[in-house]
Amino acid sequence: DLGATLNNGQITSNVVRAVLASDSVERLFYSSSACVYPIELQDVVHDESQIGFGTPDALYGADKLHGLRLMSKVPQARVGVLDTVYGPLQEHEGRRMKFPAAVATKALAARRTGTLELWGDGRQLRSYCYVDDAIEQILAVTAAPDYWGPVNIGAPGAISCRDVAAICLHHV
């Protein structure tokens, strides 16, 4: 959505301006997204060296890439690139439902319907990280004395969307 992207970009710009104008900000954490990675590399495990080489995923990915680049100019800023974070209180219905909750919900429904529909071919690789683990990693990145650039926040490795669906179908 264009409006949401414009608002998000404005917030990022406002934060950068405020931090640069202040002498009291010791550290800033910017939450970026795996959507900054090139859509051409959706079926490989992501490495931070791939950021900025290709087409990010939609307007949101382009905006998060722009924010990541802005934050690289802020000495106090640390950037974390989050993959899929899941946990309690996550939406399990409606348009705000995200993967893997969406596929788990669809797997439960597949008991009645006999089918589970995935977008695409299911080969897309994703890393999934429980919210408590993501917070622990964010705090570690923020507190670390050394910082060399954007850091992936998530579980090591990746699993295909098709494999997540198979696990959900097997365990329902």
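Modeller: A contact here means heavy atoms within 4.5 Å. This is a predicted model, and by that definition residues 24 or more positions apart account for 71% of its contacts with a separation of 6 or more.

The protein has five helices and seven strands, in the order α-β-α-β-β-α-β-β-α-β-β-α from the N terminus on. Its C-alpha trace spans about 60 × 35 × 30 Å along the principal axes. Of the 172 residues, 35% are buried. The accessible surface is about 10700 Å², and carbon and sulfur atoms hold 57% of that area.

Now the pocket itself. Rolling a probe the size of a water molecule over the atoms shows where empty space is left. The largest pocket found has a volume of about 1700 Å³. Its lining consists of 33 residues, and those nearest the centre are Cys-35, Thr-84, Met-97, Lys-98 and Phe-99. Strand S1 (28-33), strand S3 (84-86) and helix H3 (101-113) are the elements that give two or more residues to this lining. By type, the lining of the largest pocket has 13 nonpolar, 10 polar and 10 charged residues.

The second largest pocket holds about 170 Å³ of space. It is lined by 14 residues, with His-46, Asp-83, Ser-127, Ala-155 and Gly-157 closest to its centre. Strand S4 (125-126) and strand S6 (151-153) each supply at least two of the lining residues. Seven residues of this second lining are nonpolar, five are polar and two are charged.

Cys-35, one of the residues nearest the centre of the largest pocket, leads on to the cysteines. A disulfide needs two cysteine sulfur atoms within 2.5 Å, and the count in this model is zero. For Cys-129, the nearest cysteine sulfur is that of Cys-35, 16 Å away. Cys-129 counts as buried because its relative accessibility is 4%, and the cut-off for buried is under 20%.

Setting aside neighbours within four places in sequence, Ser-160 is in contact with Gly-122, Arg-123, Gln-124 and Leu-125. Leu-125 falls within the range of strand S4 (125-126), which gives at least two residues to the lining of the second largest pocket.

Two backbone angles remain. Most residues other than glycine have a negative phi. Ala-58 lies in helix H2 (residues 58-71), and because its relative accessibility is 57%, it counts as exposed. Leu-89 likewise has a positive phi, near 70°. The place of Leu-89 is the loop between S3 and H3, and both of those elements contribute two or more residues to the lining of the largest pocket. Leu-89 itself is exposed, with a relative accessible area of 87%.

Methods:
Residues numbered from 1 in each chain as written. Predicted model: local features only at pLDDT ≥ 70, side-chain atom pairs only at ≥ 80, totals over all residues. Heavy atoms only, no water. 1 Å grid on protein atoms, 1.4 Å probe; cavity = no way out; pocket = protein on both sides within 12 Å on 5 of 7 lines; lining within 4 Å. Points joined across faces, edges and corners; volume = space filled by probe spheres on them. Helix = DSSP H or I, 4+ residues; strand = E, 2+ residues; numbered from the N terminus. Nonpolar A, V, L, I, M, F, W, Y, C, P; charged D, E, K, R; others polar. Buried < 20%, exposed > 50% of the residue type's maximum accessible area, 1.4 Å probe, protein only. Areas by Shrake-Rupley, 256 points an atom, 1.4 Å probe, with all protein chains shown as cover.
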